[in-house]
Amino acid sequence: EGIRSYKNVNGCNIFKAKEHYDRLQYSAEKMHVNLPYSTEELINITYQLLDKNNLRDAYIRPLVYSGPYMGLTPAEETHVFIAAWEWAKYLGTNPLHVMVSSYQRPNPKSCHVEAKVVGHYTNSILATTEAKRLGYDEGLLLDMHGNVAEGPGANFFFEKNGTLYTPPAGNILPGITRSTVIDLARELDIRVVEKQFTVEEVYGADNAFFTGTAVEVAPIASLNGEKFKGNWEDSAGHNIYLMYRQKVQFNEYQGLTIV
């Protein structure tokens, strides 16, 4: 998992801690790995970790891994590792220049794409490395049908005529920040459409952005050299991001509180 904590007046808030650790449970189950801690236990351990390291604004990386075994099935032994450190927005703060990747997202019948699994990131590494070597900031991957899927480590939205569009679940990791953005859009009376769409439909959009725990909300300036015509500061995405930055500070879990 990738989780963020944010400093507030009470110490800090681990944003969407329950949702993240519930997903960790789900991912472990899908990979047939026994996770010997409950969601509540993992949340409490993470607050203790932040407290011991005097961290408030932090990125948190829980990792579940099997013990030594050379077979192609999980070992009986399971280990849980949680690290935390200070880390700024993964893709920075400047609008991104993005290219359509030559790599596709994995076919959902080949693996559990809705689970967050380390092995899936080989695909992400290839796509990002390709983009950077060609002078772009990041890649945008399509699915096996040629529809837009997501970034290597983030979900994708574009805005056209005041409406936000994003790929539906099925061929993507249904991100927790993605879900939060959809909820915030509804609070702001911004229409969100989850549908399949091609790259050609994205050209001519007003704005576009990535979402994810590491990137938060990251504006995209251009796709394959085609600039988006809108002003990011006047966009629905920017308004959602401002609201997002307020939401992340509020405690949603009444477990251990750092003081």
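This is a predicted model: local features need pLDDT of at least 70, side-chain atom pairs count only at pLDDT 80 or more; totals for chains, interfaces and linings use all residues.
Reader: How far apart in space are K116 and L24?

Author: In sequence, K116 and L24 are 92 residues apart. In space, their C-alpha to C-alpha distance is 7.4 Å.

Reader: What is the volume of the largest pocket?

Author: On a 1 Å grid over the protein atoms alone, a pocket is an open set of points with protein on both sides within 12 Å along at least five of seven lines, and a cavity is a set where a 1.4 Å probe fits but cannot get out. Points are joined across faces, edges and corners, and volume is the space filled by probe spheres set on them. For the largest pocket, that volume is about 1,200 Å³.

Reader: Which residues lie nearest the centre of the largest pocket?

Author: A lining residue has an atom within 4 Å of a point. The largest pocket is lined by 50 residues. Those nearest its centre are E1, K116, V117, V118 and Y121.

Reader: Which element gives the largest share of that lining?

Author: At least two lining residues come from each of α1, β3 (58-66), α3, α4 and β11 (207-212). The largest share is seven residues, and they come from β3.

Reader: How many charged residues are in the lining of the largest pocket?

Author: Ala, Val, Leu, Ile, Met, Phe, Trp, Tyr, Cys and Pro count as nonpolar, Asp, Glu, Lys and Arg as charged, and the others, Gly among them, as polar. In the lining of the largest pocket, 24 residues are nonpolar and 18 are polar, and the charged ones number eight.

Reader: Which residues line the largest cavity?

Author: The count comes to one cavity of 30 Å³ or more, and the largest has a volume of about 30 Å³. By class, its lining has two nonpolar, three polar and one charged residues. They are R4, F15, H20, T177, T213 and Y244.

Reader: How many salt bridges does the structure hold?

Author: Side chains of opposite charge can pair when their charged atoms come close. A salt bridge is a side-chain nitrogen of Lys or Arg within 4 Å of a carboxyl oxygen of Asp or Glu. The structure holds eight.

Reader: Where do D22 and K18, which meet in a salt bridge, lie?

Author: The side chains of D22 and K18 meet at 2.6 Å, N to O. D22 is partly exposed at 30% relative accessible area, and K18 is partly exposed at 48%. The two residues are four apart, about one turn of the helix, and both lie in helix α1 (residues 17-30).

Reader: How many residues apart in sequence are R178 and E194?

Author: R178 forms a salt bridge with E194, with the closest N and O atoms 2.6 Å apart. R178 lies in helix α4 (residues 176-187) and E194 in strand β10 (residues 191-194), so the pair ties together parts whose separation in sequence is 16 residues.

Reader: Is R178 of that pair buried or exposed?

Author: E194 is partly exposed, with a relative accessible area of 40%. R178 has a relative accessible area of 6% and is therefore buried.

Reader: Which residue forms a salt bridge with E201?

Author: E201 is partly exposed, at 32% relative accessibility. The N to O distance is 3.2 Å, and the partner is K195.

Reader: What is the phi of K16?

Author: K16 is placed in the loop between β2 (11-14) and α1, and K16 counts as buried because its relative accessibility is 15%. K16 is not a glycine, yet its phi is positive, at about 55 degrees.

Key: Residues are numbered from 1 along each chain as its sequence is written. Side-chain values use heavy atoms; hydrogens and water are left out. Buried means under 20% relative accessible area, exposed over 50%, partly exposed in between (1.4 Å probe, protein chains only).
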